[in-house]
Amino acid sequence: HRLSAPLYVSIDGDAPILANDWSLSGLCIHDCPHTDYKIMSEISLTLDLPFQGYDISFTAAAKVIRTDQETGTLFLEFTDLSERSFDLMNHFADDLTKY
C-alpha cells in the first residue's frame with residue numbers, strides 16, 4: 001500500500017520535508033531540493049511520523065531509485081530500516097488501511 005498520511009523526512013540533517021507518499025519499502029518526495037543525487041546513491045534519513053498525538057522519530061538509510069529534476073521529485077527505497085521502525089510503520093499502515 002502507498003500511503004499519503006503525513007511522514008516528514010530530513011535528508012542528511014536538513015529541514016524536514018513532507019513525503020508525498022510512502023510505504024514500508026520506500027517513499028516519494030515532491031518539491032525536494034535534493035534531486036541532484038545519482039541513482040543508487042545511499043543517503044541518511046530521519047523520519048518523523050505523527051501517530052496518535054505523538055511525533056515518533058527514527059533514522060533510516062535509503063538509496064535513490066529515481067529523480068525528476070523538472071518536478072523536484074525524489075524516489076527512495078529503504079535499505080536500512082530497523083525492525084522496530086518497520087514494525088511501527090507497519091502498525092500505522094495497518095491502522096490506516098483497515099477501514
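Which residue forms a salt bridge with Lys-63? Hi everyone, let's start there. It is Glu-77, and the closest N and O atoms of the two are 3.9 Å apart. By salt bridge I mean a side-chain nitrogen of Lys or Arg within 4 Å of a carboxyl oxygen of Asp or Glu. The structure holds one of these.

A quick word on where this comes from. This is a predicted model, where local features need pLDDT of at least 70 and side-chain atom pairs count only at pLDDT 80 or more, while totals for chains, interfaces and linings use all residues. Residues are numbered from 1 along each chain as its sequence is written, and side-chain values use heavy atoms, leaving out hydrogens and water.

Back to our pair. Glu-77 lies in strand β7 (residues 73–80) and Lys-63 in strand β6 (residues 54–68), so the bridge ties together parts that are 14 residues apart in sequence. Strands here are DSSP runs of E, at least two residues, numbered from the N terminus. Lys-63 is buried, at 18% relative accessible area, whereas Glu-77 is partly exposed, at 32%. Buried means under 20%, exposed over 50%, and partly exposed in between, with a 1.4 Å probe and protein chains only.

Now, the cysteines. The structure holds zero disulfides, a disulfide being a pair of cysteine sulfur atoms within 2.5 Å.

Conventions: Helices (H or I, at least four residues) and strands (E, at least two) are DSSP runs, numbered from the N terminus.
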